[in-house]
Amino acid sequence: MVKRSRSGRLAPPADEVFAARKRKPVPHEFVLDALAPLGPETRPLFGCLAVYVGEKIVLALRDKPGPDNGVWLATAEEHHAALRPEFPSMRSIEVLGKIVTGWQVLPADAPDFEEAALRACALIEAGDPRIGKVPGEKRKRDDSPRAGAATKKVAAKKAVAKKAAAKLPPETAATRQPAKRAAKLPAKKAAKLPAKKAAKLPAKGAAKARATRRARG
């Protein structure tokens, strides 16, 4: 159905309106063409265009005013040494604010930029584990049932130990204290210790125990 505008003129069909809008250019679109057999998906990411293959983010494409234009590799610092021979121009990303960044960029102004970008696509297509990350993977590991069970187990052990210590007789509790703490025992508690155990106390603690016994005798 053709709609009329308020002026009475015929409004163009919706398809024509959308077609008239300019398509936002994709930075370094040849990268997506190279990854086409894998069915990549794209999403906005910090002023870049993130490229996903399956559940992994593998690349980010950037072409805007400022540094770090090119192809960003989703990798980790542990893989840098192994990747550098294949990508001599690879470097850390300035806008991320660190001297060494896990992600690396293949700069668009490097003489071998297109060759390096296509090489990265070939590695991704081959399933190279050095490129690609599953977003939130570390957080999921920390929140896993196994990690939660371990935390609860430690907490349970601490609770049991605390209850057991609370039920100990004063004499036993006193003898388990480090020497510095035992030396600070009040005279009454020190006096309750057996003679052999009191003898093992530091000089100050033993003196308190003897003085208290004499006073009571």
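Buried here means under 20% relative accessible area, exposed over 50%, and partly exposed in between, with a 1.4 Å probe and protein chains only.

The model is predicted: local features need pLDDT of at least 70, side-chain atom pairs count only at pLDDT 80 or more, and totals for chains, interfaces and linings use all residues. Residues are numbered from 1 along each chain as its sequence is written, and side-chain values use heavy atoms, with hydrogens and water left out.

**Overall make-up**

The chain has eleven helices and six strands. These are DSSP runs numbered from the N terminus: helices are H or I with at least four residues, strands E with at least two.

**Cores**

A nonpolar core is a set of buried Ala, Val, Leu, Ile, Met, Phe, Trp, Tyr and Cys residues joined through side-chain atoms within 4.5 Å. The largest one has 24 residues. Val31, Leu59, Val71, Leu73, Phe87 and Leu106 have the most contacts inside it. Two or more residues each come from α2 (29-35), β2 (48-53), β3 (56-62), β4 (70-73) and α4 (113-125). Helix α4 gives the largest share, seven residues. A second, separate core of ten residues includes Ile57, Ala74, Trp103 and Val105.

Contact means heavy atoms within 4.5 Å. Not counting residues up to four places away in sequence, Leu106 touches Val71, Leu73, Phe87 and Phe113, among others.

**Gln104**

Gln104 lies in strand β6 (residues 104-107). Its relative accessible area is 1%, so Gln104 counts as buried. Beyond its neighbours within four places in sequence, Gln104 is in contact with residues including Val71, Trp72, His80, Arg84 and Ser92. Two partners of its side chain are tabulated. A polar contact is a pair of N or O atoms within 3.5 Å; within protein, one must be able to donate a hydrogen and the other to accept it, and residues adjacent in sequence count only if both atoms are side-chain atoms.

| Gln104 side chain to | Distance |
|---|---|
| Ser92 side chain | Ser92, 3.2 Å |
| Thr101 backbone oxygen | Thr101, 2.9 Å |

**Aromatic rings**

The whole structure holds one aromatic pair. Rings of Phe, Tyr and Trp (its six-membered ring) pair if their centres lie within 6.5 Å; planes under 30 degrees apart are stacked, over 60 edge-to-face, the rest tilted. Phe30 and Phe113 are edge-to-face, 6.0 Å centre to centre with 90° between the planes. Phe30 is in helix α2 and Phe113 in helix α4, 83 residues apart. Phe30 is partly exposed at 24% relative accessibility, whereas Phe113 is buried at 7%.
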